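Subject: Structure handover

Hello,

Here is the structure I said I would pass on. My notes on what was found in it follow below.

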Amino acid sequence: MVDAGADWLHCDVMDGHFVPNITIGAPVIKSLRKHTKAFLDCHMMVSEPEKWVTDFKEAGADSYTFHVEATKDPHALIDQIHNAGMKAAVSIKPKTGVEVVLPFADKLDMILIMTVEPGFGGQAFMEDMMPKVKELRSRYPNLNIQVDGGLDPKTIDKAAEAGANVIVAGSSLFKEGINVKDTIALFKKSIRDH
């Protein structure tokens, strides 16, 4: 992915509790870190994300994105992540309003707007999430705003026009016959053009 032009590697971490699937944990991040200097963006789809900050820092994570729905004290968790030496980001699920992140948005390095329900790949892009992106971009013109879910050559312009500047793509890059390098270049061009 990095050789094809990706700036970051987005690592989905699922615990089988916050979302029904189970994926990777800190040991896989540690193994991955041995093979790349790429920015490791860890998306923690887990219950009690406070429990894993130190493990992921020690494994080599650069950014730690937690779901606002999974913590009781986002302010303390953001401080914990920053104190560990990582970038702090928060994610919100489609049914969660953007207003929940406003009280602590100034402390964040990035906000992730889920454009699918978290936990499963291959879902269709939810265009009705774009007003959240637009609102955040208007309030925070210099903040990284990430979108995750259903991003592909047909949906990238909608996300970029709304103000997203960090794009997560999975299924659209791993389909048979896809030229990954060209697709990543298309995503980057769309962000630059909007």
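**Overall build**

Of the 194 residues of the protein chain, 47% count as buried. Please keep in mind that this is a predicted model. A compact globule with 194 residues would have a radius of gyration near 16 Å, and the value for the protein chain, 16 Å, agrees with that. Taken along the principal axes, the box filled by the C-alpha atoms is roughly 40 × 40 × 30 Å. Among contacts with a separation of 6 or more, 59% come from residues 24 or more positions apart.

The protein chain has 6 helices and 7 strands. Along the sequence they follow the pattern β-α-β-α-β-α-β-β-α-β-α-β-α.

Strand 2 (residues 39-45) pairs with strand 3 (residues 63-67) in the parallel sense, over 4 bridges. Within this part of the sheet, Met44 has Phe66 in strand 3 as its bridge partner.

Why is strand 5 described as largely enclosed by the rest of the structure? The reason is that 5 of the 5 residues of strand 5 (residues 110-114) are buried. In a regular strand, side chains alternate between the two faces of the sheet. In strand 5, Met110, Leu112 and Met114 point one way, while Ile111 and Ile113 point the other way, and all are buried.

**Individual residues**

Leu77 lies in helix 3. Leu77 counts as buried because its relative accessibility is 0%, and the cut-off for buried is under 20%. Leaving out residues up to four places away in sequence, Leu77 touches Pro49, Glu50, Val53, Phe66 and Thr71. Phe66 is also the residue in strand 3 that is the bridge partner of Met44. Gly60 is 17 residues from Leu77 along the chain, and the C-alpha atoms of the two are separated by 18 Å.

Ser190 is found in helix 6 (residues 180-193). With a relative accessible area of 3%, Ser190 is buried. What does its side chain join up with through a polar contact? The partner is the side chain of Asp157, at 2.5 Å. Apart from neighbours within four places in sequence, Ser190 is in contact with Ile156, Asp157 and Ala160.

**Aromatic pairs**

The count of aromatic pairs comes to 2. One of them is formed by Phe56 and Tyr64, which are edge-to-face, with 6.2 Å from centre to centre and 75° between the planes. Phe56 and Tyr64 are both buried.

Regards

Note on methods:
Residues numbered from 1 in each chain as written. Predicted model: local features only at pLDDT ≥ 70, side-chain atom pairs only at ≥ 80, totals over all residues. Heavy atoms only, no water. Phe/Tyr/Trp six-rings, centres within 6.5 Å; stacked < 30°, edge-to-face > 60°. Buried < 20%, exposed > 50% of the residue type's maximum accessible area, 1.4 Å probe, protein only. Pairing = 2+ DSSP bridges. Helix = DSSP H or I, 4+ residues; strand = E, 2+ residues; numbered from the N terminus. Polar contact = N/O pair within 3.5 Å; in protein donor to acceptor, adjacent residues only side chain to side chain. Contact = heavy atoms within 4.5 Å. Rg over C-alpha atoms; globule rule 2.2 N^0.38 Å.
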